[in-house]
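Trainee: I am new to this structure. Can we go through it step by step?
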Amino acid sequence: MEQKLRVGILGATGMVGQRFISLLENHPWFEVVTVAASPRSAGKTYEEAVGDRWKMDTPMPEAVKKLVVLNVNDVEHVASTVDFVFSAVDMSKEEIKAIEEEYAKTETPVVSNNSAHRWTPDVPMVVPEINSDHFDVILDQKKRLGTTRGFIAVKPNCSIQSYAPCLAAWKEFGPKELVVTTYQAISGAGKTFKDWPEMVGNIIPFIGGEEEKSEQEPLRVLGKVENGQIVKAELPKITCQCVRVPVLNGHTAAVFINFEKKPTKEQLIEKLVNFKGFPQEAELPSAPKQFIQYLEDDNRPQVTLDVDYENGMGVSIGRLREDTMYDYKFIGLSHNTVRGAAGGAVLCAEALTAKGYIAKK
């Protein structure tokens, strides 16, 4: 790309906003030129606005420290400075829906980490390796919004990344029933152990709204575009429990699965390790070379050993074995703030750019 696209980050001071900032440092296609946040942060430099709340392992990039934070509600002004935006705003669902549409209507593409538009019928919710064809629905969304280049695209919930890719890889065998328990890191709540000391040595067996997302969102990802909207798949049926565990980064899933046509273990592993999609074919900058790795050791995947596989953009699967009540069971692991949040959104933006949906204004 001859000239980098100018990127704005909405909600830049929060944990996911910070992850966007970190991931986009030295990005070959995108350059962060605008950071926007709540009115209380507006007018400060990014460094001042974040203060001692920088939560990433790597230092704050020098290029953003002196950027003056804009008021995220000043939509026309923010939009005038960028080619597209990433959205990680912390507002109510209705407020997020409204402000993301406002940005889209300024002819500014919005790639969102938020859940507000995940069930808007003409908004694609994409894991680029699985369903980048869902971007086709953007043409119908633009008709509804009355835009020529502005639109909204979203990525799904962080918890499904550790098992939904398997369902796509195993599509030909007809996954029909899943029982899933997710063990979710505290960064999924935007927290560190410093912020949330009561999580040390603790488990909380409830994460608000998460079980419904974990049961329903894979069906939308596995669905298809019909008559200008996404129609979710009917199978597999999924039931899920979501548990908060004392881990900083990394969502683990324990999964039991039944198939329409029971495959061999060897067939399942072969499909996993050879599974690839548009990001790999197009060699997108953030794409993992191998999306899914299978680990043979009985004690893998582990958060400490495997969460950063493929720079946090890959998925690790292990302990695949036959079960006494279901066909098989397995363990999955994904990085919740990289693949599951900001990184997944960056990969979506790269795919949208490669497909021509995002370009310079």
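Mentor: Start with a definition: helices (H or I, at least four residues) and strands (E, at least two) are DSSP runs, numbered from the N terminus. Residues are numbered from 1 along each chain as its sequence is written. This is a predicted model, where local features need pLDDT of at least 70, side-chain atom pairs count only at pLDDT 80 or more, and totals for chains, interfaces and linings use all residues.

Trainee: Which residue with positive phi follows H13?
Mentor: Helix H13 covers residues 338-354. After H13 comes a residue with a positive phi, near 90°. That residue is Gly-356.

Trainee: How far apart are the end C-alpha atoms of H13?
Mentor: H13 has 17 residues. The expected span is 1.5 Å times one less than the number of residues. A straight helix would reach 24 Å, but the ends of H13 are only 20 Å apart.

Trainee: Where does H13 bend?
Mentor: The bend at a residue is the angle between axes fitted to the seven residues ending there and the seven starting there. For H13 that angle is about 50° at one residue. The residue is Gly-344.

Trainee: How many residues of H13 are buried?
Mentor: Buried means under 20% relative accessible area, exposed over 50%, partly exposed in between (1.4 Å probe, protein chains only). H13 is mostly covered. The buried count is 16 of its 17 residues.

Trainee: What is the volume of the second largest cavity?
Mentor: On a 1 Å grid over the protein atoms alone, a cavity is a set of points where a 1.4 Å probe fits but cannot get out; lining residues have an atom within 4 Å of a point. Grid points are joined across faces, edges and corners, and a volume is the space filled by probe spheres set on the points. The lining of this cavity includes Arg-339 and Gly-344. Its volume is about 30 Å³.

Trainee: Is Glu-177 buried, partly exposed or exposed?
Mentor: Glu-177 lies in strand S7, residues 175-184. Its relative accessibility is 36%. Therefore Glu-177 counts as partly exposed.

Trainee: How far apart in space are Glu-177 and Lys-237?
Mentor: In sequence, Glu-177 and Lys-237 are 60 residues apart. In space, C-alpha to C-alpha, the distance is 4.8 Å.

Trainee: What share of the residues in the protein is buried?
Mentor: The protein has 13 helices and 14 strands. Its residues number 361. The buried share is 58%.

Conventions. Side-chain values use heavy atoms; hydrogens and water are left out. On a 1 Å grid over the protein atoms alone, a cavity is a set of points where a 1.4 Å probe fits but cannot get out, and a pocket is an open set with protein on both sides within 12 Å along at least five of seven lines; lining residues have an atom within 4 Å of a point.
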